[in-house]
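Dear colleague,

I am handing over the structure we spoke about, and my notes on it follow below. Please read them with the model open beside you.

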Amino acid sequence: MSQKQVGGPPGDNSTVDWCLYQLNGAAEFEVSEADIISTVEFNHTGELLATGDKGGRVVIFQREPESKNEPYNQGEYNVYSTFQSHEPEFDYLKSLEIEEKINKIKWLPQQNAAHSLLSTNDKTIKLWKITERDKRPEGYNLKDEEGKLKDLSTVTSLQVPVLKPMDLMVEVTPRRIFANGHTYHVNSISVNSDCETYMSADDLRINLWHLAITDRSFNIVDIKPANMEDLTEVITASEFHPHHCNLFVYSSSKGSLRLCDMRASALCDKHSKLYEEPEDPSNRSFFSEIISSVSDVKFSHSGRYMLTRDYLTVKVWDLNMETKPVETYQVHDYLRSKLCSLYENDCIFDKFECAWNGSDSVIMTGAYNNFFRMFDRNTKRDVTLEASRESSKPRAILKPRRVCVGGKRRKDDISVDSLDFTKKILHTAWHPTENIIAIAATNNLYIFQDKVNSEMH
Amino acid sequence: MLGRGLKRKLSDYEENMAGLSSRQLVLNMCLTKLQTYKMLVEPNLHRSVLIANTVQQESNCCDLRSAEDQIENSLLIVSDDDMSSAISSILKDLDFVEDISPPTCLGAECVFGSFEISNSTSYLKDLAIDDIFEDIDTSMYDSDFCCPPLMPPRPPPLATEEPLKTFPSCNSSSANNIQICRTDLSELDHIMEILVGS
């Protein structure tokens with residue numbers, strides 16, 4: 001891969017032609033609930049892609065390296081390792097079952113030959129170490145090839161065991177288990193840029209952990225009121241700043257963001273900055289509060305902006321401007337008149353994630369009917385694409401989709417009432433440097449690549 | 001006195017009544033959801049807070065109406081105190097879990113030392129599961145929802161004299177409206193009875 005363009009030609013990402021690169025997962029009629037993908041995350045180089053599912057499993061894909069021998073395999077993500085991260089637990093004290101569903105996976109920056117990641121369910125965070133073994137020692141003095149002790153009388157000389165190549169074996173071991181830190185459900189984890197600490201957030205509290213210490217954590221945010229009856233706001237997501245190890249942001253169910261500085265005080269209940277947009281009175285409805293709840297927050301790679309997702313929009317916030325977002329993009333405004341039925345079927349509580357591309361010029365988020373949307377911040381153009389078996393032939397360019405809201409209807413348009421609200425794309429991820437995206441649609445993992453990108457291999 | 005000799009346009013009234021029924025529909029939905037969540041072993045805190053806020057905001061909204069709408073208000077409003085206490089009791093329930101503050105010292109005894117057990121005295125705590133449903137009158141749900149009734153419907157216990165007392169100056173031309181008001185008021189009272197667990 002000699003020529004990599006970060007995020008494609010600058011300012012022109014809407015002309016990126018996305019095509020399906022590969023699809024992993026069983027056909028829909030074979031889906032079991034445990035297979036539903038609950039999180040997707042590329043590592044810092046994009047070489048590895050991890051997915052977690054409702055059954056507590058983690059699957060890691062590795063990108064095939066360039067090889068002159070097999071030019072057609074380049075760029076393919078193959079299964080590298082699969083392991084059971086979390087098991088269902090029963091809390092005897094409270095008499096309730098703790099789900100094994102993986103809520104979030106975060107990779108640690110690679111510091112040696114091994115890879116490490118953090119995975120979490122509702123209560124417990126685990127640090128996993130992934131190592132490769134492709135050699136094994138042979139020629140032991142006291143043991144033979146099968147490991148049986150040799151008859152000492154046959155040992156006449158001393159030999160130095162040598163490392164011989166073997167079939168690649170990927171070993172995954174749990175190195176740390178960070179338990180008992182949370183009463184409420186963990187919704188986010190984020191590794192600090194110092195590579196020594198990380199934070200975990202639940203509905204009411206955020207804890208800071210040292211990666212090497214499991215028996216204690218520091219509580220850095222606590223919004224639990226003295227009387228629970230006064231509770232009006234919960235924490236929905238949080239993330240460390242990519243460069244400043246003392247800064248982090250957390251979002252709330254009221255649609256606000258709080259940027260906190262850990263140098264200011266030990267308990268960061270007082271935010272350094274509060275980002276909040278006043279409500280538009282013309283859009284007020286019963287559901288204004290519910291749809292303003294932020295479901296995801298992500299710093300840009302540059303660290304200058306934050307991206308938030310609420311039910312109907314994605315917003316870009318400048319860290320220097322607290323009064324309102326600098327950009328707002330409508331994801332599916334046609335749902336505004338359907339909020340009552342979406343409330344009835346609980347879809348209004350769906351938590352969509354959002355993502356930046358490598359150059360922070362394009363943002364992406366999922367929607368219903370297996371649609372996902374991309375917004376180019378420079379050209380202001382946007383596109384709706386679909387992740388489905390029927391509409392994605394390998395290497396064929398994805399056709400933009402359109403939802404029509406009455407009025408003129410073009411061929412291939414889909415009407416709002418025909419949208420399938422059970423097919424939701426909640427989890428998406430963008431490769432850190434290239435135009436490669438991973439989309440989780442129920443139990444299926446779609447990997448789309450820029451056609452130009454894939455043809456270069 | 002407001003309303004004495006004052007004829008309101010029927011369209012205004014209809015608009016308000018339409019608003020009432022959609023608000024009622026949403027309040028009914030909120031109520032159903034909160035009750036469903038309460039029945040779960042571990043309620044979803046995020047959703048419960050959002051729904052409770054929505055209900056609270058609706059009751060606050062009604063308080064801000066102008067004096068001209070006072071009559072509608074007295075029909076529509078569940079009193080602010082009642083609504084607050086209903087929401088309070090729901091949120092208190094959410095504090096039933098034993099709260100573990102993060103372990104700050106080594107050793108098993110320190111971890112358990114920081115348990116704090118909630119003292120919430122929610123009205124549900126002392127009731128057996130069956131008792132929960134005894135005072136819920138689901139007759140008003142039968143037409144609005146497809147939910148199966150939890151209990152055989154009981155006739156509403158509300159006295160019918162009361163609604164008339166709240167707007168003694170309604171003139172005879174709106175006798176039909178009084179009939180509608182009475183039904184809506186009794187439905188609202190049902191909601192309130194359920195919310196406050198009377």
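**A buried histidine in a loop**

Between β5 (77-84) and β6 (89-91) of chain A runs the loop that holds A:H86; helices (H or I, at least four residues) and strands (E, at least two) are DSSP runs, numbered from the N terminus. This is a predicted model, in which local features need pLDDT of at least 70 and side-chain atom pairs count only at pLDDT 80 or more, while totals for chains, interfaces and linings use all residues. Residues are numbered from 1 along each chain as its sequence is written, chains are lettered from A and ligands numbered from 1 in the order in which they are written, and side-chain values use heavy atoms, with hydrogens and water left out.

A:H86 has a relative accessible area of 0% and is therefore buried (under 20% relative accessible area, with exposed over 50% and partly exposed in between; 1.4 Å probe, protein chains only). Leaving aside residues up to four places away in sequence, its contacts (heavy atoms within 4.5 Å) include A:G55, A:G56, A:E100, A:S119 and A:K126.

**Cysteines**

How many disulfides does a search of the whole structure find? Over all chains there are zero, a disulfide being a pair of cysteine sulfur atoms within 2.5 Å. For A:C195, the closest cysteine sulfur, in A:C245, is 10.0 Å from its own, too far for a bond; A:C195 counts as partly exposed, at 24% relative accessibility. The sulfur of A:C354 is likewise too far for a bond, because the closest cysteine sulfur, in A:C260, is 19 Å from it, and A:C354 is buried, with a relative accessible area of 0%.
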